Structure formats: structure tokens, C-alpha cells
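Work through the following exercises with the sequence and the model side by side.

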Amino acid sequence: MARKEALRELQNRLAERLQVARTQKAARSWLAVECAGRGLLFPLAEAGEIFAPVPLLPVPHTQPWFLGVANLRGHLNGVVDLAAFLGLEPVEGARDGAQLVGFNAALGLNCALQVDRLAGLRHDEQLTPEPVDGGPRPAFARGLFRDAGGRAWQELSLAALASEPSFIRVVG
């Protein structure tokens, strides 16, 4: 009898937790990086592994922002200079801590983005949404946020970037 009662209590607690989970808005999380002095946020669900810089094999006749290909954990990946792709002016000395951020394998793109520096993780409760101007924006540029210190952070959807024609077309 005690086992049945304990099982019933467990089922009730699980049902309550599921109900709470259904009614709560899912919190968003991002990988925060810096590129040419700008703060960028990659949705955590879209970002893949982080790699230290590795030797690159240049590929002729590609866009200037396509740095080449690299062997990352046994897989051949294209490497893109994100600042150059976005048309941002490099900041002197910013590349000293450069890292590569891979795309999540679920996106089906063997690619890594070179960023100047990793800035940790950010969560919904740490950021305040900012109004976005009405000007033209690429589909991969999502929300604009500000942190408690007043720094602006631009969200970039890696899934949208992976399907952006100008990003996929690396041949110059």
C-alpha cells in the first residue's frame, strides 16, 4: 500500500512540474562573442563546439572573408572571418584571443566562424530587449539587447545565416 501511495505522489509531482513547464515561457540562452569590438549573441541551440585557432588551408578564388578550410576534430570545415563577412572594421589587437565557433551539427553546415573573443553565456534575465530601427536588415540579424552595464548585443541566428545565399556562396 505504501508503494502505491509513493508512486501516486511521484506521478502527481511530475504532473505538476509538466504543467508548470508548459505554462512558463522557455528561457533563451546565447553564446556571447566579440567581433570587431561589437557584442554578438549566437543562440546556444544553434552554436556548436568552440575551437582554438588551427592551421588553415587557403582556398583560391573564394570571397575575402572565407579564410580557408581546417580539420576540426577530423572533419573538414570551412572557416569564415565573421567580422569581414559582416563588413566590420577590425579593431587593433582584438584578434589576439581569436576563437572558432562551429555551427551545431543539426544545421548541416560544416563551418566555423572566427570571432575575436568569447564573452561567455548570456540568458534572458541578463538582457533587456532594445527597439530595432526600421532600416533594412539581413534575415540572420535578430533582436538587439542591452546588458546591465549598458553594452549593446546583437543576436545573430546561425540557422538563418546557414541559409543566407551570400554566406553560402564562398566562390568569388
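**Exercise 1. Decide whether Phe 85 and Phe 140 are buried or exposed, and describe how their rings are arranged.**

Step 1. Both Phe 85 and Phe 140 are buried, where buried means under 20% relative accessible area, exposed means over 50%, and partly exposed is in between, with a 1.4 Å probe and protein chains only. This is a predicted model, in which local features need pLDDT of at least 70, side-chain atom pairs count only at pLDDT 80 or more, and totals for chains, interfaces and linings use all residues. Residues are numbered from 1 along each chain as its sequence is written, and side-chain values use heavy atoms, with hydrogens and water left out.

Step 2. A search of the whole structure finds six aromatic pairs; rings of Phe, Tyr and Trp (its six-membered ring) pair if their centres lie within 6.5 Å, and planes under 30 degrees apart count as stacked, over 60 as edge-to-face and the rest as tilted. The pair of Phe 85 and Phe 140 is tilted, at 6.1 Å centre to centre and with 45° between the planes. Phe 85 lies in helix α2 and Phe 140 in the loop between β9 and β10, so this pair ties together parts that are 55 residues apart in sequence; helices (H or I, at least four residues) and strands (E, at least two) are DSSP runs, numbered from the N terminus.

Step 3. Phe 85 also forms an edge-to-face pair with Phe 167, at 5.2 Å centre to centre and with 85° between the planes. Here helix α2 is linked to helix α4 (residues 165-168), across 82 residues. The relative accessible area is 14% for Phe 85 and 4% for Phe 167, and one aromatic cluster is formed by Trp 65, Phe 85, Phe 103, Phe 140 and Phe 167.

**Exercise 2. Find which residues touch the most other members of the largest nonpolar core, and which element gives the most to it.**

Step 1. A nonpolar core is a set of buried Ala, Val, Leu, Ile, Met, Phe, Trp, Tyr and Cys residues joined through side-chain atoms within 4.5 Å. In the largest one, which has 28 residues, Phe 42, Val 80, Leu 82, Phe 103, Leu 113, Leu 161 and Phe 167 touch the most other members.

Step 2. Among the elements that give two or more residues to this core are β1 (29-35), α2 (82-86) and α3 (158-162), and α3 gives the most, with four residues.

Step 3. Apart from this core lies another, of seven residues, including Ala 119, Phe 145 and Trp 153.

**Exercise 3. Trace the salt-bridge network around Arg 151 and identify the ring over which Arg 151 lies.**

Step 1. Side chains of opposite charge can pair when their charged atoms come close. The structure holds five salt bridges, each a side-chain nitrogen of Lys or Arg within 4 Å of a carboxyl oxygen of Asp or Glu.

Step 2. In one of them Arg 151 meets Glu 34, with the closest N and O atoms 2.7 Å apart. Arg 151 lies in the loop between β10 (141-147) and β11 (152-156) and Glu 34 in strand β1, so the pair ties together parts that are 117 residues apart in sequence.

Step 3. At 25% relative accessibility Arg 151 counts as partly exposed, whereas Glu 34, at 16%, counts as buried. Glu 34, Arg 117 and Arg 151 are linked in a network of salt bridges.

Step 4. Arg 151 lies over the face of Trp 153, at 4.7 Å from the ring centre; a charge sits over a ring if NZ of Lys or CZ of Arg is within 6 Å of the ring centre and within 35 degrees of the ring normal.
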